[in-house]
Amino acid sequence: MKKIIIYYSLSILFLFSCGRNNTSVPASEEKKEFQMVVLPLHINDPEAAAEYVAYHYWDNFDFTDTTYIDLPEVTEQAFANYLAVLFEMPDNLALSSINHTLEEASKDTAMFNYFTELSEKYLYDPNSPFLNEELYIPVLEFMLASPLLTDLEKIRPQYRLDMAMKNRAGTTATDFVYTDIDGSRSTLHNVNSEYTLLFINNPGCSACKDIIRGINMSPVMNRMVESGVLTVLAVYPDRNLDEWREYAEWIPDTWINAYDTDHVMDSLKLYDLKAIPTLYLLDNKKIVLLKDATLELVEDYLIKN
């Protein structure tokens, strides 16, 4: 099933208050738990507070104590909360914080592997509610530079980094030739509209049908399609054209229903198709505005812009 991205908004002040209310217990009775960093009393500005927590979040965590690996209710929960904090921060601070965290995790190979696995689970898995490729890129870069991994162990992160760097937001989407349901050929870059929604789909995919229904139920998107401001280019990336034609009735006549003529999307890895359906929102120059986005994010962007 296609992911549903939900960016959880974590109340930083709540975390701070939890940190200030920690009470000490005798070592013999101490239960392993995550000790939240205590915010210095002189920091009152929310932005400064968020920055402090991002850099000091793991100050009370012992990265050499590998018993935490077997306590997901402690460590994994702390990691999920950490990501929620990062989502509230400017990109440059979030990236710096990730690098600092991985440097600390590098104190122990097992802990380093655990934290990179958590990063994969939360930031890369297409079904993760925390999916965020831009935050996963620095994790991959750190892994490739780390002496803790062998050359063999770096093959997968290198491939993932190569794919993550393709068609990023702010770059020009890779062009390709498509053939529409009437047999006419054109290219992505020849689509002439203010916005293009590239909808990569497969016949019979239940999540794809959900996307189709969602667009049809969106007054904003339908109005933009009817006025020509938005073009929906529905592209089938595989080779079973009989199955694709049978599926044609699901695609509205106001959209471009097409298949990848030369089958290069997957064979040449032009696009990262780790999950189907995949949505890209492009501007009139085919600059990527949203990559691998949810329909909710696409609709919200179009409403605001």
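**Aromatic pairs.** Start with the rings of Phe, Tyr and Trp in this predicted model. The count comes to 25 aromatic pairs. Select Phe-61 and Tyr-68, one of these pairs. Their ring centres lie 4.7 Å apart, with 45° between the planes. That makes the pair tilted. Now check the surface around both residues. Phe-61 has a relative accessible area of 7%, so it counts as buried. Tyr-68 is buried too, at 9%.

**Helix 3.** Next, select residues 75–86. This is helix 3, with 12 residues. From first C-alpha to last, helix 3 reaches 16 Å, close to the 16 Å expected at 1.5 Å a residue. How many of its 12 residues are buried? The number is 10, so helix 3 is mostly covered. Colour the buried set to see it: Thr-75, Glu-76, Ala-78, Phe-79, Ala-80, Tyr-82, Leu-83, Ala-84, Val-85 and Leu-86.

**Helices 6 and 7.** Move on to residues 133–145, helix 6, and residues 155–164, helix 7. The two pack at an angle of about 145°, and their axes are 9 Å apart. Helix 6 passes helix 7 in a left-handed crossing. Which residues make the contact? On helix 6, show Glu-133, Tyr-136, Ile-137, Leu-140, Glu-141, Met-143 and Leu-144. On helix 7, show Pro-157, Gln-158, Arg-160, Leu-161 and Ala-164. By class, this contact has eight nonpolar, one polar and three charged residues. An α-helix has 3.6 residues a turn, so residues three or four places apart point the same way.

**His-263.** Go to the loop between strand 5 (256–260) and helix 11, and pick His-263. Read off its phi: about 55°, positive although His-263 is not a glycine. Is His-263 buried or exposed? Its relative accessibility is 15%, under the 20% cut-off, so His-263 counts as buried.

**Ile-276 and Pro-277.** Select the peptide bond between Ile-276 and Pro-277. This bond is cis, with omega of about 5°.

**Asp-292.** For the last stop, find the loop between strand 7 (288–290) and helix 12 (295–304), where Asp-292 has its place. Phi of Asp-292 is near 50°, a positive value in a residue other than glycine. Its relative accessibility is 10%, so Asp-292 counts as buried.

Methods
Residues numbered from 1 in each chain as written. Predicted model: local features only at pLDDT ≥ 70, side-chain atom pairs only at ≥ 80, totals over all residues. Heavy atoms only, no water. Axes fitted to C-alpha atoms, helices over the stretch in contact; angles between N-to-C directions. Helix = DSSP H or I, 4+ residues; strand = E, 2+ residues; numbered from the N terminus. Left-handed = near helix turned anticlockwise from the far one by under 90°. Contact = heavy atoms within 4.5 Å. Nonpolar A, V, L, I, M, F, W, Y, C, P; charged D, E, K, R; others polar. Expected span 1.5 Å × (residues − 1). Buried < 20%, exposed > 50% of the residue type's maximum accessible area, 1.4 Å probe, protein only. Phe/Tyr/Trp six-rings, centres within 6.5 Å; stacked < 30°, edge-to-face > 60°.
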